[in-house]
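The exercises below are meant to be worked with the sequence and the model side by side. Each one sets a task and then gives a solution that goes step by step.

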Amino acid sequence: MKSEDPLLAAWDKMLARKGDAPAVFDTRGNVIRTFFEVDKHAREIEAKTKPHNLNAIRIGNHVNWPSLFLACMRKQNIVLPIDESLSRQQADAAVSIAANSSLTDWGEKSPNLFKLTSGTTAEPRLVRFRSEQLLADCNQICDTMGICDVDLNFGVIPISHSYGFSNLLTPLIARGVPMILSRDRTPRAVLADLARTGATVFPGMPLFYQAFSEIDDIPALPKLRLCISAGAPLPVSVAKKFQEKFGLRIHSFYGASECGGICYDRDATNEVEGFVGQPMKGVDVELVDPTAPSSQVRVRSAAVGDGYFPKSDEEKLSNGIFVPDDLLARDGAGFRIVGRISDVINVAGKKVNPAEVEAHLLRFSGVRQAVVFGRLAAVGALRNEEVVACVVASPHVSESDLLRFCRGGLSPWHVPKQIFIMDAIPTNERGKIRRRDLARRFSTTGNSSPLRRLGS
């Protein structure tokens, strides 16, 4: 019996074509499941699963992921992927909110999947997706990146994240792209496993590529042909160092939980900071304010989610359109990310884009990395916020040198109040630098130490 669900129909068609082929490998290169075995296990789970329910899946990069998802799809259950890094309290809150969806009449737009987004508030926010939107995102990714069923995906990024779900799980289900499942995120282990298994595609993050470049005694990677970086901006210095060491270019990939893939750097020249390439196949990207140096964008594609749950935000996400918080600027035929709307600093009514100050600091000889953020001004000050910077720099660079350099090349309201020189700028597990976290760490009421060269 043919399925009416487009993603399940794609699975059935693919299964008839390559059911005996390996679907999932371990990091030793052993076949764990063929496509037929994935389907058999899905049928066993399906027989024990109640229909029209919510299924939260929190198992890490486990071999059961494809079977569990297929079984839920067949039972018309909503899947809620939950990452293992979430606290028990956060996970319980997300499940509690998602469970309320059973009281909602979705009409013809009943969701198959909830994606959990971090958002800007403490309350979990879910994005609703139907099967056709998930399939559209998979097709756009595979067609744009040139990924096909002769490739072998290396799965170390979490399947529970939007990036892993769209680059690992749905290509396996809809396109028959096999994957290696890794639960060891240690860079040296990942590099050894990449070499051992003969993976051809590595969907990674900047922190992996940076760590790989710092490892001595590297193995050869003769079969690896496509390196993808997403989750955080890819520094040009990291891309160039990786290419020098491994002879491979890194392709920046820009997307969001709400809409899947947005842009992709097909050429991977890695010459401009924040460059994310051109819109993906089937995706339209339009600047909200084309007259401004940088602007939010409207993303239109068949992969855009139906909306948020439990509270909708139709100005941000509805009717096949998503407006990210990122600020983008045109750069040749593509786009580059220059900041986020929430990162703009209000200094006495004047708006400061942190990216402008960061670009200036990076022109100073010896500065390797710069992150600029706003913090609340000291009590009694007339300004709402003040500009602060953290930099990674050579030992000879001092705060006074940098402040003098900024005063000579920036408007007075762009000049940082303080500049902290650090050994490394802290990131989260995805390699993202959160300006809000730095603002809290270096608030005027918190860490006001006069020491300028700080450890991470």
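**Exercise 1. Place Asp149 in the fold and list what it touches.**

Step 1. Asp149 sits in the loop that joins α5 to β7 (153–155), where helices (H or I, at least four residues) and strands (E, at least two) are DSSP runs numbered from the N terminus. The model is a predicted one, in which local features need pLDDT of at least 70 and side-chain atom pairs count only at pLDDT 80 or more, while totals for chains, interfaces and linings use all residues. Residues are numbered from 1 along each chain as its sequence is written, and side-chain values use heavy atoms, with hydrogens and water left out.

Step 2. With a relative accessible area of 25%, Asp149 is partly exposed; on this scale buried means under 20%, exposed over 50%, and partly exposed in between, for a 1.4 Å probe and protein chains only.

Step 3. Leaving out residues up to four places away in sequence, Asp149 touches Arg17, Lys18, Arg175, Gly176, Val177 and Pro178, contact being heavy atoms within 4.5 Å.

**Exercise 2. Find which residues of helix α9 are buried, and decide how they are arranged around its axis.**

Step 1. Helix α9 covers residues 236–246, and its buried residues are Val236, Val238, Ala239, Phe242 and Phe246.

Step 2. Viewed down the axis of α9, these buried residues fall within an arc of 165 degrees, so they line one face of the helix; the arc is taken from the directions that lead from the helix axis to the C-beta atoms. An α-helix has 3.6 residues a turn, so residues three or four places apart point the same way.

Step 3. The packing partners of the buried residues of α9 are α7 (187–197), α8 (206–213), β10 (226–229) and β11 (250–256). After α9 comes Gly247, with a positive phi near 70 degrees.

**Exercise 3. Describe the second largest pocket by its volume and its lining.**

Step 1. On a 1 Å grid over the protein atoms alone, a pocket is an open set of points with protein on both sides within 12 Å along at least five of seven lines, whereas a cavity is a set where a 1.4 Å probe fits but cannot get out; lining residues have an atom within 4 Å of a point. Grid points are joined across faces, edges and corners, and a volume is the space filled by probe spheres set on the points.

Step 2. The second largest pocket has a volume of about 740 Å³. It is lined by 31 residues, of which Asp5, Met73, Arg74, Gln76 and Asn112 are the closest to its centre.

Step 3. Helix α1 gives the most to the lining of this second largest pocket, with 3 residues.

**Exercise 4. Examine the backbone at Gln76, His52 and Pro310.**

Step 1. Most residues other than glycine have a negative phi, and most peptide bonds are trans.

Step 2. Gln76, though not a glycine, has a positive phi of about 60 degrees; it lies in the loop between α3 and β4 (78–81) and is exposed, at 52% relative accessible area.

Step 3. His52, also not a glycine, has a positive phi of about 50 degrees, and its place is in the loop between α2 and β3 (54–57).

Step 4. The peptide bond from Phe309 to Pro310 is cis, with omega near 10 degrees, and Pro310 is found in the loop between β16 (307–309) and β17 (317–318).
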